Amino acid sequence: MVDSGADVATRSLPLSGVHGGSAAVRLEVAAPAGRISLRVRNEDVSALSAALGVDLPVKPKTSAFANGRTALWLGPDEWLVIDEGNSGLTTAAANSGALHSATDVSHRNTAILVEGPGAVATINVGCPQDLSLKAFPVGACTRTIFGKVEIVLLRTAEDAFRVEVWRSFSDYAFGLLSQGALDAGQ
Amino acid sequence: MLLIHCPYCEEDRSELEFRWAGEAHIARPENIAAISDEEFAEFFFLRNNEKGLTYERWRHIHGCGRFFNAARDTVSDRFLMTYKAGLPKQQVPETGASEKTVETYEATEGDAR
(Lines give C-alpha, C1' and ligand atoms only; values in the text may rest on other atoms or scores of the structure.)
Protein backbone atom coordinates (compact mmCIF):
# COMPACT_ATOMS: atom_id res chain seq x y z
CA MET A 1 0.00 0.00 0.00
CA VAL A 2 1.33 3.37 -0.96
CA ASP A 3 1.47 5.87 1.83
CA SER A 4 -0.40 8.80 0.39
CA GLY A 5 0.10 10.93 3.46
CA ALA A 6 -3.62 11.56 3.74
CA ASP A 7 -4.05 8.72 6.23
CA VAL A 8 -1.34 9.95 8.54
CA ALA A 9 -2.70 11.63 11.61
CA THR A 10 -1.41 15.14 11.94
CA ARG A 11 -1.03 16.55 15.39
CA SER A 12 -2.93 19.76 15.91
CA LEU A 13 -2.26 21.90 18.90
CA PRO A 14 -5.02 23.10 21.15
CA LEU A 15 -6.22 26.54 20.08
CA SER A 16 -4.51 26.27 16.70
CA GLY A 17 -5.81 28.94 14.36
CA VAL A 18 -7.93 30.86 16.85
CA HIS A 19 -8.08 34.63 16.79
CA GLY A 20 -9.10 37.13 19.40
CA GLY A 21 -8.30 40.41 21.01
CA SER A 22 -9.15 44.04 20.54
CA ALA A 23 -7.51 47.43 20.23
CA ALA A 24 -6.65 47.33 23.94
CA VAL A 25 -5.53 43.71 24.34
CA ARG A 26 -3.68 41.21 22.23
CA LEU A 27 -4.51 37.55 22.77
CA GLU A 28 -1.87 35.17 21.55
CA VAL A 29 -1.52 31.42 21.82
CA ALA A 30 1.81 30.61 23.46
CA ALA A 31 4.28 28.31 21.78
CA PRO A 32 4.33 24.72 23.06
CA ALA A 33 6.44 24.38 26.19
CA GLY A 34 7.66 21.70 28.56
CA ARG A 35 5.99 21.67 31.95
CA ILE A 36 6.17 19.63 35.12
CA SER A 37 3.98 19.59 38.17
CA LEU A 38 6.51 19.31 40.98
CA ARG A 39 5.98 18.30 44.60
CA VAL A 40 8.96 18.60 46.94
CA ARG A 41 9.37 18.62 50.70
CA ASN A 42 10.95 21.63 52.38
CA GLU A 43 14.26 19.95 53.05
CA ASP A 44 14.74 18.92 49.41
CA VAL A 45 13.88 22.27 47.78
CA SER A 46 17.53 23.33 47.43
CA ALA A 47 18.51 20.02 45.79
CA LEU A 48 15.70 20.33 43.22
CA SER A 49 16.52 24.02 42.64
CA ALA A 50 20.10 23.10 41.82
CA ALA A 51 19.07 20.22 39.56
CA LEU A 52 16.58 22.32 37.60
CA GLY A 53 18.78 25.40 37.39
CA VAL A 54 16.08 27.67 38.77
CA ASP A 55 15.51 28.58 42.42
CA LEU A 56 12.12 27.26 43.49
CA PRO A 57 10.43 30.19 45.22
CA VAL A 58 9.18 29.49 48.74
CA LYS A 59 7.19 32.70 49.22
CA PRO A 60 3.49 32.47 48.31
CA LYS A 61 2.43 33.93 44.97
CA THR A 62 5.96 34.35 43.62
CA SER A 63 7.84 32.93 40.65
CA ALA A 64 11.45 32.68 39.58
CA PHE A 65 13.01 32.69 36.13
CA ALA A 66 16.44 31.39 35.15
CA ASN A 67 18.02 29.45 32.28
CA GLY A 68 14.83 29.56 30.20
CA ARG A 69 12.81 27.97 32.97
CA THR A 70 10.11 29.55 35.10
CA ALA A 71 9.18 28.09 38.49
CA LEU A 72 5.79 29.12 39.81
CA TRP A 73 4.82 28.70 43.47
CA LEU A 74 1.41 27.02 43.60
CA GLY A 75 1.35 25.73 47.16
CA PRO A 76 3.62 25.16 50.17
CA ASP A 77 5.16 22.08 48.53
CA GLU A 78 3.95 22.42 44.96
CA TRP A 79 5.37 24.16 41.89
CA LEU A 80 4.66 24.41 38.19
CA VAL A 81 7.90 24.54 36.22
CA ILE A 82 7.71 25.74 32.63
CA ASP A 83 10.54 25.30 30.14
CA GLU A 84 10.25 27.34 26.95
CA GLY A 85 12.87 25.33 25.10
CA ASN A 86 13.62 21.64 24.83
CA SER A 87 12.22 20.31 28.05
CA GLY A 88 14.25 17.63 29.82
CA LEU A 89 12.60 18.75 33.02
CA THR A 90 11.74 15.31 34.39
CA THR A 91 15.26 14.07 33.64
CA ALA A 92 16.77 17.08 35.37
CA ALA A 93 14.55 16.54 38.39
CA ALA A 94 15.38 12.84 38.47
CA ASN A 95 19.09 13.69 38.55
CA SER A 96 18.63 15.69 41.74
CA GLY A 97 18.87 12.56 43.86
CA ALA A 98 16.29 13.97 46.26
CA LEU A 99 12.82 12.66 47.00
CA HIS A 100 10.24 14.42 44.83
CA SER A 101 7.34 13.89 42.47
CA ALA A 102 7.61 15.37 38.99
CA THR A 103 4.75 14.76 36.60
CA ASP A 104 5.10 15.83 33.01
CA VAL A 105 2.08 18.01 32.21
CA SER A 106 3.45 19.60 29.02
CA HIS A 107 0.47 18.48 26.98
CA ARG A 108 -2.13 18.85 29.70
CA ASN A 109 -1.72 22.62 29.72
CA THR A 110 -1.67 25.21 27.04
CA ALA A 111 -1.05 28.90 27.53
CA ILE A 112 -2.63 32.10 26.32
CA LEU A 113 -0.63 35.32 26.40
CA VAL A 114 -2.70 38.38 27.28
CA GLU A 115 -0.95 41.64 26.56
CA GLY A 116 -1.88 45.29 26.34
CA PRO A 117 -3.25 48.19 28.39
CA GLY A 118 -6.56 46.33 28.85
CA ALA A 119 -5.00 43.07 30.05
CA VAL A 120 -6.08 43.47 33.68
CA ALA A 121 -9.66 44.34 32.73
CA THR A 122 -9.74 41.38 30.35
CA ILE A 123 -8.68 38.84 32.97
CA ASN A 124 -10.85 40.36 35.68
CA VAL A 125 -13.86 39.55 33.50
CA GLY A 126 -13.70 36.04 34.96
CA CYS A 127 -11.09 36.17 37.70
CA PRO A 128 -11.65 37.49 41.24
CA GLN A 129 -7.97 38.29 41.91
CA ASP A 130 -6.84 41.80 42.79
CA LEU A 131 -4.53 42.45 39.83
CA SER A 132 -3.32 45.90 40.86
CA LEU A 133 0.47 46.17 40.68
CA LYS A 134 0.59 46.49 44.47
CA ALA A 135 -1.20 43.20 45.13
CA PHE A 136 -0.03 41.35 42.04
CA PRO A 137 3.37 42.72 40.93
CA VAL A 138 5.35 41.59 37.89
CA GLY A 139 6.45 38.01 38.52
CA ALA A 140 3.50 37.22 40.78
CA CYS A 141 1.68 33.99 40.03
CA THR A 142 -1.16 32.01 41.45
CA ARG A 143 -3.55 29.23 40.73
CA THR A 144 -7.00 30.75 40.59
CA ILE A 145 -10.31 30.58 38.82
CA PHE A 146 -11.35 32.13 35.51
CA GLY A 147 -15.07 31.89 34.90
CA LYS A 148 -15.78 28.20 35.26
CA VAL A 149 -12.25 26.89 34.83
CA GLU A 150 -9.10 26.76 36.88
CA ILE A 151 -6.08 28.63 35.55
CA VAL A 152 -2.56 29.45 36.63
CA LEU A 153 -1.95 33.13 36.18
CA LEU A 154 1.52 34.66 35.83
CA ARG A 155 2.25 38.35 35.39
CA THR A 156 5.14 38.65 32.95
CA ALA A 157 5.11 42.45 32.64
CA GLU A 158 3.05 45.37 33.90
CA ASP A 159 0.52 44.86 31.14
CA ALA A 160 1.18 41.22 30.18
CA PHE A 161 -0.01 37.94 31.63
CA ARG A 162 0.44 34.28 30.86
CA VAL A 163 -2.72 32.24 31.41
CA GLU A 164 -1.98 28.53 31.82
CA VAL A 165 -5.10 26.47 31.27
CA TRP A 166 -5.89 22.80 30.79
CA ARG A 167 -6.10 22.06 27.07
CA SER A 168 -9.66 20.75 27.18
CA PHE A 169 -10.74 24.02 28.83
CA SER A 170 -8.75 26.19 26.44
CA ASP A 171 -11.61 26.90 24.02
CA TYR A 172 -13.73 28.15 26.88
CA ALA A 173 -10.91 30.23 28.38
CA PHE A 174 -10.04 31.77 25.02
CA GLY A 175 -13.68 32.54 24.31
CA LEU A 176 -14.15 34.31 27.63
CA LEU A 177 -10.86 36.18 27.21
CA SER A 178 -11.96 37.29 23.73
CA GLN A 179 -15.19 38.64 25.13
CA GLY A 180 -13.27 40.34 27.94
CA ALA A 181 -10.89 41.86 25.40
CA LEU A 182 -13.80 43.32 23.46
CA ASP A 183 -15.26 44.79 26.65
CA ALA A 184 -11.87 46.15 27.74
CA GLY A 185 -11.40 47.77 24.34
CA GLN A 186 -14.47 49.95 24.66
CA MET B 1 -18.76 37.99 47.98
CA LEU B 2 -16.88 36.69 51.00
CA LEU B 3 -13.16 37.18 51.35
CA ILE B 4 -11.48 34.27 53.11
CA HIS B 5 -8.01 34.48 54.59
CA CYS B 6 -5.88 31.52 53.46
CA PRO B 7 -3.21 30.79 56.11
CA TYR B 8 -0.92 29.28 53.47
CA CYS B 9 -1.24 32.00 50.82
CA GLU B 10 -1.19 34.55 53.66
CA GLU B 11 -3.82 36.80 52.13
CA ASP B 12 -7.54 37.27 51.62
CA ARG B 13 -8.96 35.49 48.59
CA SER B 14 -12.36 35.32 47.00
CA GLU B 15 -14.72 32.63 48.24
CA LEU B 16 -14.89 31.35 44.63
CA GLU B 17 -11.50 29.73 45.15
CA PHE B 18 -12.61 27.75 48.22
CA ARG B 19 -14.62 24.66 49.07
CA TRP B 20 -16.23 23.81 52.38
CA ALA B 21 -15.02 20.47 53.74
CA GLY B 22 -17.14 19.69 56.79
CA GLU B 23 -16.70 20.03 60.52
CA ALA B 24 -13.16 20.36 61.87
CA HIS B 25 -11.36 18.62 64.71
CA ILE B 26 -13.04 15.24 64.34
CA ALA B 27 -10.42 12.71 65.35
CA ARG B 28 -10.58 9.24 63.86
CA PRO B 29 -10.80 6.62 66.61
CA GLU B 30 -7.47 4.98 67.41
CA ASN B 31 -8.85 1.48 66.96
CA ILE B 32 -11.88 1.82 64.75
CA ALA B 33 -12.61 -1.92 64.73
CA ALA B 34 -13.12 -1.94 68.48
CA ILE B 35 -15.81 0.72 68.76
CA SER B 36 -19.53 -0.04 68.86
CA ASP B 37 -21.94 0.74 66.05
CA GLU B 38 -23.34 3.64 68.07
CA GLU B 39 -19.90 5.12 68.59
CA PHE B 40 -19.14 4.66 64.91
CA ALA B 41 -22.36 6.41 63.91
CA GLU B 42 -21.47 9.24 66.27
CA PHE B 43 -18.02 9.59 64.73
CA PHE B 44 -18.98 9.02 61.12
CA PHE B 45 -22.42 10.53 60.60
CA LEU B 46 -23.38 12.87 63.40
CA ARG B 47 -22.32 16.51 63.26
CA ASN B 48 -23.05 19.32 65.68
CA ASN B 49 -24.57 21.76 63.19
CA GLU B 50 -24.17 24.54 65.70
CA LYS B 51 -25.80 27.91 65.43
CA GLY B 52 -23.20 30.59 65.96
CA LEU B 53 -19.52 29.78 66.40
CA THR B 54 -18.50 26.67 64.52
CA TYR B 55 -15.17 25.14 63.50
CA GLU B 56 -14.94 23.93 59.93
CA ARG B 57 -12.43 22.58 57.46
CA TRP B 58 -12.05 24.53 54.26
CA ARG B 59 -9.94 23.88 51.21
CA HIS B 60 -8.29 26.48 49.01
CA ILE B 61 -8.93 24.17 46.09
CA HIS B 62 -8.46 26.70 43.28
CA GLY B 63 -5.44 28.28 44.97
CA CYS B 64 -2.74 26.54 46.94
CA GLY B 65 -4.87 23.40 47.24
CA ARG B 66 -4.37 23.14 50.98
CA PHE B 67 -6.92 22.21 53.66
CA PHE B 68 -7.11 24.53 56.65
CA ASN B 69 -9.41 25.18 59.58
CA ALA B 70 -11.72 28.12 60.05
CA ALA B 71 -13.83 29.45 62.89
CA ARG B 72 -17.02 30.84 61.42
CA ASP B 73 -20.16 32.39 62.78
CA THR B 74 -23.01 30.59 61.04
CA VAL B 75 -25.44 33.37 61.89
CA SER B 76 -23.57 36.34 60.48
CA ASP B 77 -21.63 34.15 57.98
CA ARG B 78 -18.47 35.89 59.15
CA PHE B 79 -15.09 34.15 59.21
CA LEU B 80 -13.71 34.89 62.67
CA MET B 81 -10.30 33.35 62.03
CA THR B 82 -8.50 30.77 59.93
CA TYR B 83 -5.47 28.68 60.86
CA LYS B 84 -3.35 25.92 59.38
CA ALA B 85 -4.46 22.31 59.41
CA GLY B 86 -2.96 20.24 62.21
CA LEU B 87 -3.03 23.03 64.76
CA PRO B 88 -5.21 22.50 67.85
CA LYS B 89 -8.54 24.27 68.13
CA GLN B 90 -7.82 27.99 68.44
CA GLN B 91 -9.49 30.49 70.70
CA VAL B 92 -11.49 32.98 68.70
CA PRO B 93 -10.47 36.59 69.32
CA GLU B 94 -13.13 38.78 70.91
CA THR B 95 -15.47 40.19 68.31
CA GLY B 96 -18.67 42.10 68.24
CA ALA B 97 -20.61 38.98 67.34
CA SER B 98 -23.40 38.44 69.83
CA GLU B 99 -27.13 37.89 70.00
CA LYS B 100 -27.60 41.46 68.84
CA THR B 101 -26.02 40.76 65.47
CA VAL B 102 -28.46 37.96 64.74
CA GLU B 103 -30.35 38.80 61.60
CA THR B 104 -33.78 37.25 61.50
CA TYR B 105 -36.37 37.45 58.82
CA GLU B 106 -38.54 39.55 61.11
CA ALA B 107 -35.71 41.99 61.83
CA THR B 108 -34.65 42.57 58.26
CA GLU B 109 -37.62 41.82 56.03
CA GLY B 110 -40.51 41.74 58.46
CA ASP B 111 -42.06 45.03 57.39
CA ALA B 112 -41.18 44.72 53.72
CA ARG B 113 -44.13 45.44 51.51
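## Chain B, element by element

Helices (H or I, at least four residues) and strands (E, at least two) are DSSP runs, numbered from the N terminus. By that count, chain B of this predicted model has two helices and six strands. Follow chain B from the N terminus and the elements come in the order β-β-β-α-β-β-β-α.

How much of chain B is buried? Of its 113 residues, 15% count as buried. As for contacts in chain B with a separation of 6 or more, 50% of them are made by residues 24 or more positions apart.

## Where the chains meet

Now let us bring in the partner chain.

## Two domains in chain A

Chain A is split into domain 1, made of 16–32 + 108–186, and domain 2, which covers 33–105. Their C-alpha centres are 23 Å apart.

Where the two domains touch, 13 residues of domain 1 of chain A are in contact with 10 residues of domain 2 of chain A. On the domain 1 side, β7, β8 and β9 of chain A are the elements that give two or more residues. The largest share of that side, three residues, belongs to β8(A). Sorted by class, the domain 1 side holds eight nonpolar, three polar and two charged residues.

## Helix α1 of chain A

Take a look at helix α1 of chain A, residues 45–52: A:Leu48, A:Ser49, A:Ala51 and A:Leu52 are buried there. Why do these residues lie on the same side of α1(A)? They do so because the arc they cover around the axis is only 165 degrees.

What do the buried residues of α1(A) pack against? Their partners in chain A are the strands β2 (34–40), β4 (69–75), β5 (78–83) and β6 (100–104), along with helix α2 (89–94). Just after α1(A) comes A:Gly53, with a positive phi of about 75 degrees.

## Helix α4 of chain A

Helix α4 of chain A has 15 residues (170–184), so at 1.5 Å a residue it should span 21 Å. The C-alpha atoms at its ends are 20 Å apart, which agrees.

The buried residues of α4(A) include A:Phe174, A:Leu176, A:Leu177 and A:Gly180. In chain A, the buried residues of this helix pack against β1 (26–29), β7 (109–115), α3 (119–123), β8 (141–146), β9 (149–157) and β10 (160–166).

Key
Residues numbered from 1 in each chain as written. Chains lettered and ligands numbered in written order. Predicted model: local features only at pLDDT ≥ 70, side-chain atom pairs only at ≥ 80, totals over all residues. Buried ≥ 20, exposed ≤ 12 C-beta atoms within 10 Å, placed from the backbone. Arc of directions from axis to C-beta. Contact = placed C-beta atoms within 7 Å. Expected span 1.5 Å × (residues − 1). Domains from an automatic or database assignment. Nonpolar A, V, L, I, M, F, W, Y, C, P; charged D, E, K, R; others polar.
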